[in-house]
Amino acid sequence: MDRIKELHDEILAKVAEYYQLVHEPEQNAAFVPGESKVFYAGRVFDEKEMLNLTDAALEFWLTAGRYAREFEKRLAEHLGVRFALMVNSGSSANLLAFAALTSPLLGDRRIKRGDEVITVACAFPTTVAPIVQYGAVPVFADVTLPGANIDVDSLDKALSPKTKAVMIAHTLGNPFDVKTVKEFCDRHGLFLIEDNCDALGSKFAGKFTGTWGDIGTSSFYPPHHLTMGEGGAVYTDDPLLKKILLSIRDWGRECWCESGVDNSCGCRFTRQFGSLPLGYDHKYVYSHFGYNLKATDLQAAIGVAQLDKLADFTAKRKDNYAKLFAGLQDLEELEIFTALPEADPAWFGFLMTVTEKASFTRNDMTQYLEKNLIQTRNLFAGNLLKHPCFETLENGVDYRVCGDLPNTEKIMNNSFWIGLYPGMSDEKLDYMISKIREFCKKTGADGCL
């Protein structure tokens, strides 16, 4: 055993040395304007993530294990919720969250085919996809500018006797008016799913986003607020929803035993389920049509190390937003992403919308920035209704649109965003500010240099 520990510690020491020789110089490389690329996002890590990952690899448990349990416990404690479950991606988290609301265990509140769910078309597609995939009807409300979140004044217009839930995201880390949305849901007996994939660490009225509704979701893809490479989570305070989420995540089974554990309930062979024989093995009883959406312990090991950095990551995102805002707020050609008074965003990106005062288009500006090695991104789908995936769906049958969605259209045509992730240096921020201002000046726009 002494030799095993000796080898283990020696391997970890070598991994730390490898990080210092290979990855640390990469993360601290000098920025050369016009030669170094400014990415919109990226992974920020040190040797701790690599040490945890190596430790998990040496243990070779592979599926969800002790690191997963630690991550779930710590994430729940951080957010102030009772339950958190890891999954293999943020998209799976959204799928799982919505699937849970279709469970027969919810009785008359369950979402059935033909029921309506209020959402927005200015979204990432996997916020909306589960609604369509389960045969429910998404009802699309417009968003506001400059916040790019749901227009809460449209909620009553979107409501119908068929409405069962609201499922929307906090756009690029900017909290929507979740207090008003939650009051609306409570008033009408609706479920609320908060897609918190771009907003981990954001708060509204002093409370973390993702914890106001019935279920919150997170993504741990590399650009997000913390990373596992791939990975995600769902979280809730409701014990019944936790039971349903666990079942659907783990093949739809009735059993709640952790991997490698048998007979947690103490009655594995003594109960009656459905029309199965009395005493049928509880581990192979299925109460839902589920999936295998679990993450691995390798992913969780990285996440555990990342959780220690989340507060610093959040502070850095806020600082970077403030610097970009200060450098660009006077440009009349750009309407800049801002938050509501009660919101405290952990910003994911810096959104700008080209205004009528500009003599250029969104694409003119983004192509100029890309030529100068600054990555840009449109706001996801812009208007999801205009994408090929909706060509086989019928308005009024498969989905419903509340009004003309003018701000959604404006974002689709005129908006883009740049990065502000924690790995962004002041030199890169200054370079982006200078290039945006330079472009405005070159085009002869008013209100520039």
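K442 and E438 sit four residues apart in helix α13 (residues 426-442), so about one helical turn separates them. The two form a salt bridge, with the closest N and O atoms 3.6 Å apart. K442 is exposed, at 59% relative accessibility. E438 is partly exposed, at 26%. The model is a predicted one.

**Salt bridges**

The structure holds 26 salt bridges.

| Pair | N to O distance | Location |
|---|---|---|
| K442 and E438 | 3.6 Å | helix α13 (residues 426-442) |
| K73 and E77 | 2.7 Å | helix α3 (residues 66-79) |
| R400 and E116 | 2.8 Å | strands β13 (residues 400-401) and β2 (residues 116-120) |

K73 and E77 are joined through their side chains. Both belong to helix α3, and four residues, about one turn, lie between their positions.

E116 is buried, because its relative accessible area is 8%, and the cut-off for buried is under 20%.

Salt bridges can also link up into a network. E72, R249, D250 and R253 are connected in this way.

**A three-stranded sheet**

Three strands make an open sheet, in the order β7-β6-β11, with antiparallel pairing. Strands β7 (207-208) and β11 (343-344) stand at the edges. Each has a single partner strand, so one side of each has no neighbour in the sheet. β6 (residues 203-204) pairs with β11 over two bridges, in the antiparallel sense. Across from F204 stands A343 in β11.

**A buried threonine**

T353 belongs to strand β12 (residues 350-354). T353 counts as buried, at 1% relative accessibility. Which residues does T353 touch, leaving aside those up to four places away in sequence? They are L145, E333, L334, E335, K410, N414 and S415.

Rolling a probe the size of a water molecule over the atoms shows where empty space is left.

The largest pocket holds about 640 Å³ of space. Its lining has 21 residues, and E26, Q27, Y421, G423 and K428 are the closest to its centre. Helices α1 (2-27) and α13 each supply at least two lining residues. The most come from α1, with three. By type, the lining of the largest pocket divides into nine nonpolar, seven polar and five charged residues.

The second largest pocket holds about 520 Å³. How many residues line the second largest pocket? There are 35, and F124, C197, D198, H224 and F380 lie nearest its centre. Two or more lining residues come from each of α4 (90-100), α5 (125-133) and β4 (163-169). α4 gives the most to the lining of the second largest pocket, with three residues. That lining has 18 nonpolar, 13 polar and four charged residues.

Notes:
Residues are numbered from 1 along each chain as its sequence is written. This is a predicted model: local features need pLDDT of at least 70, side-chain atom pairs count only at pLDDT 80 or more; totals for chains, interfaces and linings use all residues. Side-chain values use heavy atoms; hydrogens and water are left out. A salt bridge is a side-chain nitrogen of Lys or Arg within 4 Å of a carboxyl oxygen of Asp or Glu. Buried means under 20% relative accessible area, exposed over 50%, partly exposed in between (1.4 Å probe, protein chains only). Two strands pair if DSSP finds at least two bridges between them. Contact means heavy atoms within 4.5 Å. On a 1 Å grid over the protein atoms alone, a cavity is a set of points where a 1.4 Å probe fits but cannot get out, and a pocket is an open set with protein on both sides within 12 Å along at least five of seven lines; lining residues have an atom within 4 Å of a point. Grid points are joined across faces, edges and corners, and a volume is the space filled by probe spheres set on the points. Ala, Val, Leu, Ile, Met, Phe, Trp, Tyr, Cys and Pro count as nonpolar, Asp, Glu, Lys and Arg as charged, and the others, Gly among them, as polar.
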